Amino acid sequence: MSPILTILSYVCLCAGVQSVHQVSWLPCHFTDEHVFLDADGHTRTEHVPRDAVLQFGPTGHPPANPSAVTFLVTGSKLDLRRFLEGAEAEQLECELRRYSTKGAHDISWPVQGAGGQEHNRWFSCTLGHANGLFKVTGFLRHPSDLPPPERQEYHSWPAIGDGESLLTSVAMVIKTQPPAVRAALGSAQKLHCRFSVDHKGPNVTVEWHRRRRGEVTRLFSHAARSGVAAGGGVALRGLASGDASYDLPFAEVRSEASYICSVSVPPLLGSLEIDLHIEEAPRVSLNIGPALSLPEGGEQKVSCHAEGYYPLDVEIVWHVQDAAAAASGRRVGAPLPKELQNVLLSSHRHNQDQTYSLTSFFYLQARAEASGRLFTCSVSHPALRMPVKKSFVLTVEESSDWMLKLLGGLVLVSLVAVLFLLLSYLHSARRRFVQKKPY
């Protein structure tokens, strides 16, 4: 292949995979809201799913999908795509919603639109990775000449027609990665939360809350304008650069909860939730060694212990197969291990560190045909990539006929020898008695 064709092939290959920095638009789900009063005078909200496009480009750029609502992001000091590093366009899930400032209309945003409009309409844009690697929420500002209504804006949202384009800019971004964290007991964890605002010196307030079993506890708060901080876990020096990550020094079972990072720059309030899951793998052991010898007809209680695991989801299964077949590996046509059915389980034991333990056991009857078999205990748990297996080989000691005959012969010889010694003693004693007579 010529060098020119090689270069062209490489260019075509690279063009087939677009990163988020190269992509100019993303398909999105826009959840619109229709607020109305029902027959009883109560406010009702109807959620209306609509097709939308999040498009990046200059003003006047033609819409990528003329029939969908287009949110054209232009003139932003914040590039929303910068927070999506390492992801490809098809890996992203986009959701758009209207955002209510809860009646805080008197708070103006420091950055105004190019046309100098004084009023704003707000939308939230959530971008998540399909594999759960990160979640990003951006706030889109749509400048408007129309003042907001006296009532809260969600009572009279301005209608948005199909195919309409809205000029927006990114005002604030908050990101976490990943939104779900799995931690082992005793490990140190950093719950990531970063934010960025489109102007310097924002009146930002950062808070962390923990929600566990319906109870919400505030862990940390810091107001930039007053400098007042409460709680801990967040490095104050990192807040200036937008790093609001929370450090958990020692994970315990009670640490399992939902952690909420909130960033407020009035009139905006962004929150992201991180679910922390504690997973501790079980320690597996048998009550016997790797080899067990029993006499034929004997009985042995065999136990498999799974200890110190969390959460409760554990499975213990016993299998049996020929030891020679197991040692030779899996061959085509070789018999598969059989699951034992006469297995009993203890109740789950709750340990002091809130972990659990469980024992699976059965009573092994030593039969001659069971000699040489491999018994395997397999323990599965969410904290394990693959099951933990512990095995032993059974040897049954059989009683042979020749051994019985030999034992009988030895007993008979012993009896004859004792009888011979006894007769010799009696004969000797009689001779001594005769010799002592005077006649």
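Predicted model: local features only at pLDDT ≥ 70, side-chain atom pairs only at ≥ 80, totals over all residues.
Which cysteine does a disulfide join to Cys193? The partner is Cys261, with an S to S distance of 2.0 Å.

## The chain as a whole

Let's begin with the overall picture. The protein chain is built with 4 helices and 26 strands. It has 439 residues, and 37% of them count as buried. Among contacts with a separation of 6 or more, 66% are between residues 24 or more positions apart. The chain exposes about 26,000 Å², and carbon and sulfur atoms supply 55% of that area.

## Three disulfides

A search of the whole structure turns up 3 disulfides. As a reminder, a disulfide is a covalent bond between the sulfur atoms of two cysteines. Counting bonded cysteines along the chain, the pairing pattern is 1-2, 3-4, 5-6. The table sets the pairs side by side.

| Pair | S to S distance | Torsion about the S-S bond | Handedness |
|---|---|---|---|
| Cys28 and Cys94 | 1.9 Å | 85 degrees | right-handed |
| Cys193 and Cys261 | 2.0 Å | about -70 degrees | left-handed |
| Cys304 and Cys377 | 2.0 Å | -75 degrees | left-handed |

The disulfide here joins Cys28 to Cys94. Cys28 sits in strand β1 (residues 25–37) and Cys94 in strand β4 (residues 92–99), so the bond ties together parts that are 66 residues apart in sequence. Both Cys28 and Cys94 are buried.

Next comes the pair from the opening question, in which Cys193 is joined to Cys261. Here Cys193 belongs to the loop between β9 (189–191) and β10 (194–197), while Cys261 is in strand β15 (residues 257–265); the two are 68 residues apart, and the pair links distant parts of the chain. The relative accessibility of Cys193 is 0%, so this residue counts as buried. Cys261 has a relative accessible area of 1% and is therefore buried.

The remaining disulfide is formed by Cys304 and Cys377. Distant parts of the chain are linked again, with Cys304 in strand β19 (residues 299–309) and Cys377 in strand β25 (residues 373–380), 73 residues apart. Why does Cys304 count as buried? Its relative accessible area is 0%, and buried means under 20%. Cys377 is buried as well, because its relative accessibility is 0%.

## Nonpolar cores

Finally, a look at the packing of nonpolar side chains. The largest nonpolar core has 63 residues. Within this core, the residues with the most contacts are Trp208, Trp318, Leu364, Phe375, Phe392 and Leu394. Another core, of 29 residues, lies apart from it and includes Ala52, Phe123, Val136 and Ile160.

Conventions:
Residues numbered from 1 in each chain as written. Heavy atoms only, no water. Core = buried A, V, L, I, M, F, W, Y, C linked by side-chain atoms within 4.5 Å. Buried < 20%, exposed > 50% of the residue type's maximum accessible area, 1.4 Å probe, protein only. Disulfide = S-S within 2.5 Å. Contact = heavy atoms within 4.5 Å. Areas by Shrake-Rupley, 256 points an atom, 1.4 Å probe, with all protein chains shown as cover.
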